[in-house]
Amino acid sequence: MQAGYGAYKSKQAETNDQGKLILVTYDVAIKHARQAMEVFDDKKQIETRIKHVFKIQDALEELQCALNMDAGGEIAANLYNLYTFMFQCTVDANIKNDKTQLEEVLGYLETLREAWAQATVKAKAETSPQMNFEKMAISG
């Protein structure tokens, strides 16, 4: 029984850590999108803007790599396509000097980050034995 509980706790820790890493990755992408937006129109800051855009692209690639395509099914496939679309928008923003493309990416990132944060809180509450015990104690 102890071995089973140990495996459960280990898997729970891995899942929680993965969830936190994904949130951090979204945070990095959002931070660099905002920083790129701040300097977007400044011709003297083009190199800085490009560095921030590359950081966004790195984060998007990390998010794609984190997807479990086998278990995630259609949702994972749709996210993969959305990340690919956002990556292309960042490329176009730089090439075409089009700030609206970057604004669009920032909006998607913020929305996805919020959804992921809510999902991790819900998943943690559903998998935590202590939380389930607390729920029973409160309702009982």
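How many disulfides does a search of the whole structure find? The search finds zero disulfides, a disulfide being a pair of cysteine sulfur atoms within 2.5 Å.

This is a predicted model, in which local features need pLDDT of at least 70 and side-chain atom pairs count only at pLDDT 80 or more, while totals for chains, interfaces and linings use all residues. Residues are numbered from 1 along each chain as its sequence is written, and side-chain values use heavy atoms, with hydrogens and water left out.

**Confidence**

pLDDT is the predictor's confidence in each residue, from 0 to 100. The chain has a mean pLDDT of 84, and 79% of its residues reach 70 or more. Among the elements of the chain, α2 has the highest mean pLDDT (96) and helix α5 (residues 129-139) the lowest (43). Helices are DSSP runs (H or I, at least four residues), numbered from the N terminus. Over residues 4-13 pLDDT stays under 50, and the model has six contacts beyond four places in sequence for them. Contact means heavy atoms within 4.5 Å.

**Helix α2**

Helix α2 (residues 46-66) has 21 residues, which at 1.5 Å a residue should span 30 Å; its end C-alpha atoms are 30 Å apart, in agreement. The expected span is 1.5 Å times one less than the number of residues. The buried residues of α2 are R49, H52, V53, I56, Q57, A59, L60, L63 and Q64. They lie on the same side of α2, because they cover an arc of only 160° around the axis. This arc is that of the directions from the helix axis to the C-beta atoms. The face turned away from the buried side carries the exposed residues E47, K51, E62 and C65.

Buried means under 20% relative accessible area, exposed over 50%, and partly exposed in between (1.4 Å probe, protein chains only).

| Residue | Relative accessible area | State |
|---|---|---|
| C65 | 65% | exposed |
| C89 | 4% | buried |
| T90 | 0% | buried |

**Core and contacts**

T90 is in helix α3 (residues 69-96). Leaving out residues up to four places away in sequence, T90 touches V53, I56, Q57, L102 and V105.

A nonpolar core is a set of buried Ala, Val, Leu, Ile, Met, Phe, Trp, Tyr and Cys residues joined through side-chain atoms within 4.5 Å. The largest such core has 23 residues, of which Y26, I56, L60, Y83, M86, L102 and L109 touch the most other members. At least two residues of this core come from each of α1 (2-39), α2, α3 and α4 (99-127). α1 supplies the largest share, seven residues.
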